Amino acid sequence: MQDIADALGYSKNAVSLALRNRPEIPYATREKIRQKAEEMGYQTNPVVSRLMAELRSSQTPKFQAKLALINANENRNALDHHPTIPAYVRGCERRAFQLGYSFDRFWLHDPEFSAKRVLQILDARNIRGIVVVGLMGQNQLPKSYIPVWDAIPTVVTGVRTRQPALSYACVDHHHLALRAVERVVSRGYKRPALIVDQSIDDLVQGRFSAGFMVGQKLLAKKNRIDPFLEYKKAKKDPSLFKAWMDKNKPDAVLTLYNSIHTWLVEMGFKIPEDIAFAQLERRPSHPDMAGMNQHNDVAGEAAVEMVISQINNNEQGIPDFPRATLIGATWQDGATIRS
């Protein structure tokens, strides 16, 4: 730690706090210190961390430095090839490395897997914690795997699960939508619109539309627009979207889908002269677009911290009161909204 501190000009205490992701150190500083730590090959000794936890609980130490990263997506390769999921993975692996752990990867939908088989593998490899990544389109894990979640500390990234409800880390979708509305209104737009599919809003228990509607309190009632929640239908029948645009005449669009930008251009709109376009999940593939950075990598980091905390506190079983870590999204400017 002292070497990292000397290299960056910070105190050893600041480096220690940053590597533990403590909020008293600014996010930008934490990132700078983390990057330097990785460059210099810094790695926490998991044996020491685990020993201290075992001493506090007066139990026999069971040292380990392995976690399971379970891909819950239907795509076997989603951890590496997906518009969103790899960001969570980067955060998970980065934080695990910093804390002295590494991951073994598994695919939840592997036809050769069963709950019994997974438990056997985890036990054989001395894996004592699980992070679930990539659950999309639904927020329920297969019921057949309940024995796994009940036996091994498990944290989910991205969404809140139901039946069973597990602890999770994800972006604060309500805050994200609210902040996006506030940003476009601050630029002088008076009729912002939300475009997401109903299935996605349902996945996050309506927090996209709820945050958007709370944000609309900033607007005159005549300028408030109901969200457009038929994106999947509009992909098959574009006239649905055109009719909605003609009826509501928004001057700013907030959406998850880059294809909406294409639709607007095809309809003859100039962006941002005629209408603003802002992404609710700003991606590196479109750095010119304005929108919200969800910091999904930070959600991945938080999930790792949560599951290691469960391990160190000897917690197991499906929790009676699942815990949530919500990550605040931040606005980033782009060419698709006026300055």
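Predicted model: local features only at pLDDT ≥ 70, side-chain atom pairs only at ≥ 80, totals over all residues.
The largest pocket has a volume of about 730 Å³. Its lining comprises 31 residues. Those nearest the centre of the pocket are His82, Met136, Gly137, Ile200 and Leu203. Divided by class, the lining of the largest pocket holds 13 nonpolar, 12 polar and six charged residues.

Eight aromatic pairs were found in a search of the whole structure. In one of them, Phe228 and Trp244, the ring centres lie 5.2 Å apart and the planes are at 50°. The pair is therefore classed as tilted, since an angle under 30 degrees would count as stacked and one over 60 as edge-to-face. Phe228 is located in the loop between helix 10 and helix 11, whereas Trp244 belongs to helix 12 (residues 239-248). The two residues are 16 residues apart, and the pair links distant parts of the chain. Phe228 and Trp244 are both buried.

A further pair is formed by Tyr231 and Trp263, whose ring centres are 5.6 Å apart. The planes of these two rings are at 25°, so the pair is stacked. Tyr231 is part of helix 11 and Trp263 is part of helix 13 (residues 259-266). The pair therefore ties together parts of the chain that are 32 residues apart in sequence. Tyr231 has a relative accessible area of 9%, and the value for Trp263 is 15%. Tyr231 is thus buried, as is Trp263, because the term applies under 20% relative accessible area.

The residues of both pairs belong to one aromatic cluster, which consists of Phe228, Tyr231, Phe241, Trp244, Tyr257 and Trp263.

Ser209 is situated in helix 10 (residues 207-215). With a relative accessible area of 10%, Ser209 is buried. The side chain of Ser209 reaches the backbone oxygen of Gly206, at 3.1 Å. When neighbours within four places in sequence are left aside, the residues in contact with Ser209 are Leu194, Asp201 and Pro227.

Conventions
Residues numbered from 1 in each chain as written. Heavy atoms only, no water. Helix = DSSP H or I, 4+ residues; strand = E, 2+ residues; numbered from the N terminus. Buried < 20%, exposed > 50% of the residue type's maximum accessible area, 1.4 Å probe, protein only. Polar contact = N/O pair within 3.5 Å; in protein donor to acceptor, adjacent residues only side chain to side chain. Contact = heavy atoms within 4.5 Å. 1 Å grid on protein atoms, 1.4 Å probe; cavity = no way out; pocket = protein on both sides within 12 Å on 5 of 7 lines; lining within 4 Å. Points joined across faces, edges and corners; volume = space filled by probe spheres on them. Nonpolar A, V, L, I, M, F, W, Y, C, P; charged D, E, K, R; others polar. Phe/Tyr/Trp six-rings, centres within 6.5 Å; stacked < 30°, edge-to-face > 60°.
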